[in-house]
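Please look at the sequence and the model shown here, and then read the report that follows.

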Amino acid sequence: MDSSTLPKNSYEPPATTTAPVGRRVPPGLIALGIGGFGIGLTEFVIAGLLSDVADDLHVAVPTAGALIWGYALAVVAGAFTVTAALSRRPPKTALLLLLALFVVGNALTALAPDFALAVLGRVVTALCHGGFFGIGAVVAGDLVPAQRKASAIAVMFGGLTLSNVLGVPFGTFVGQHLGWRAAFWIISALGVLAMVGIAVLVPHLDAPRATSGSQYAVLRRPQVIVSMLLTMSVFGGLFGAFIYVEPLVTHVTGYGSGAVPWLLVIFGVGLFGGNIVGGRAADRNLGRTLRVLTVLLPLVLVGYALVAQWRGPVAVALLLMGLIGFATTPAFQLRVMRFAGDAPTMASAANIAAFNLGNAIGSALGGATIALGLGWRSPIWVGAAMALVGTVLAFTNSHANSHDAR
């Protein structure tokens, strides 16, 4: 990529990059994907285990919900604190330390004799989430030529999308047959496997060059802020509309409860496919990819609300939601890194925090509309409105995006 086409302070790979010139996927990307799968799995698996955990630790199910929202809040905190603490270490070392934290957190959850320690284990685990995906996205981009960066980021996030598909079914199956603690031991072992893979397969990359000022200064750059707002609005809209899928399809569409896992799989298949397609599209033209996807997503969400009473169209809408919504992931991550200049790691991790914060806001607003008696479709309309904010941001910053389209 000609550096003259990039905006001021844009991110470029370090001179130590060991990128292959062919289309072969570097083995290091596979190791990063395994780590992403493990971290995603521990986030999503709890949904299938919540009742079992609550019974075993003698708390009410709503109380056990702290294992979900506590994790999300800790992801946001860890993205800004743990990432900053590791930002001057060689990326490979930082990733291994983060995965060690991941293994310890899951083991603590599995061993927890009471609910308080289970929550602590979840918080410890979550602290590595933003840093791993933030640093991992930078490393993934450094393992390939400049024109394949978004596709490389998509490979790493492919593990996350697979975990979304398999997390709840896996947790439910293991919880029913081996007990909920076994799920966290299995995830801990997966973390160890990822550590071995990264230690062996990810090449050494030099630590980021020291810069004057705080690592947090990058978060004040206008286009970095725009990138995070894009992520918050789009993913808040997507998951705010999706999170209440179970009551919608059972109360409005007329599906039985047994169909819900299959509908989740359909959505997950869309996530996985969208991640791959979005990475390739962003490599070709980042600006155009952002504009097209941010237009399509609110349209699909509106369509989802309008066809909610019909079974077949709802299944198609869920597939398209996952496909289009998650196709934005590599593009958003690449965009924030390019505008982050000499601090892409902090900006990348902050974008992961924005992802989780957007999900929390979208879910809370959707829940509020239901509580107000506006019906099961109301969260979808809230999601469409949030996604439309992303459309406005993408088009009002189209000049900035065009610098990254090459």
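At what angle do helix 10 and helix 16 pack, and how many Å apart are their axes? Helix 10 (residues 222–242) and helix 16 (residues 378–396) pack at about 160 degrees, and their axes lie 7 Å apart. Here axes are lines fitted to C-alpha atoms, for helices over the stretch in contact, and angles run from 0 to 180 degrees between N-to-C directions. Helices (H or I, at least four residues) are DSSP runs, numbered from the N terminus.

This is a predicted model, in which local features need pLDDT of at least 70 and side-chain atom pairs count only at pLDDT 80 or more, whereas totals for chains, interfaces and linings use all residues. Residues are numbered from 1 along each chain as its sequence is written, and side-chain values use heavy atoms, with hydrogens and water left out.

**The helix pair**

Helix 10 and helix 16 are therefore roughly antiparallel to each other, a term for angles over 145 degrees. Among the residues of helix 10 that meet helix 16 are Leu229, Met232 and Gly236, while the partners in helix 16 include Ile380, Gly383 and Met386; contact means heavy atoms within 4.5 Å. By class, this contact of helix 10 with helix 16 has twelve nonpolar, six polar and no charged residues, where Ala, Val, Leu, Ile, Met, Phe, Trp, Tyr, Cys and Pro count as nonpolar, Asp, Glu, Lys and Arg as charged, and the others, Gly among them, as polar.

**Salt bridges**

The structure holds two salt bridges, each defined as a side-chain nitrogen of Lys or Arg within 4 Å of a carboxyl oxygen of Asp or Glu.

| Pair | Closest N and O atoms |
|---|---|
| Arg181 and Asp56 | 3.0 Å |
| Lys149 and Asp142 | 3.9 Å |

Arg181 lies in helix 9 (residues 180–201) and Asp56 in helix 2 (residues 50–57), so this pair ties together parts that are 125 residues apart in sequence. Arg181 is partly exposed, with a relative accessible area of 24%, and Asp56 is partly exposed as well, at 34%. Lys149 and Asp142, by contrast, are buried. Buried means under 20% relative accessible area, exposed over 50%, and partly exposed in between (1.4 Å probe, protein chains only).

**Two single residues**

Asn275, which is found in helix 12 (residues 260–284), counts as buried at 0% relative accessibility. Leaving aside neighbours within four places in sequence, Asn275 is in contact with residues including Ala154, Phe157, Thr161 and Phe326.

His58 is found in the loop between helix 2 and helix 3 (61–64), and counts as exposed at 73% relative accessibility. Phi of His58 is near 60 degrees, a positive value in a residue other than glycine. Most residues other than glycine have a negative phi.

Conventions. Helix = DSSP H or I, 4+ residues; strand = E, 2+ residues; numbered from the N terminus. Parallel < 35°, antiparallel > 145°, perpendicular 65-115°, else oblique.
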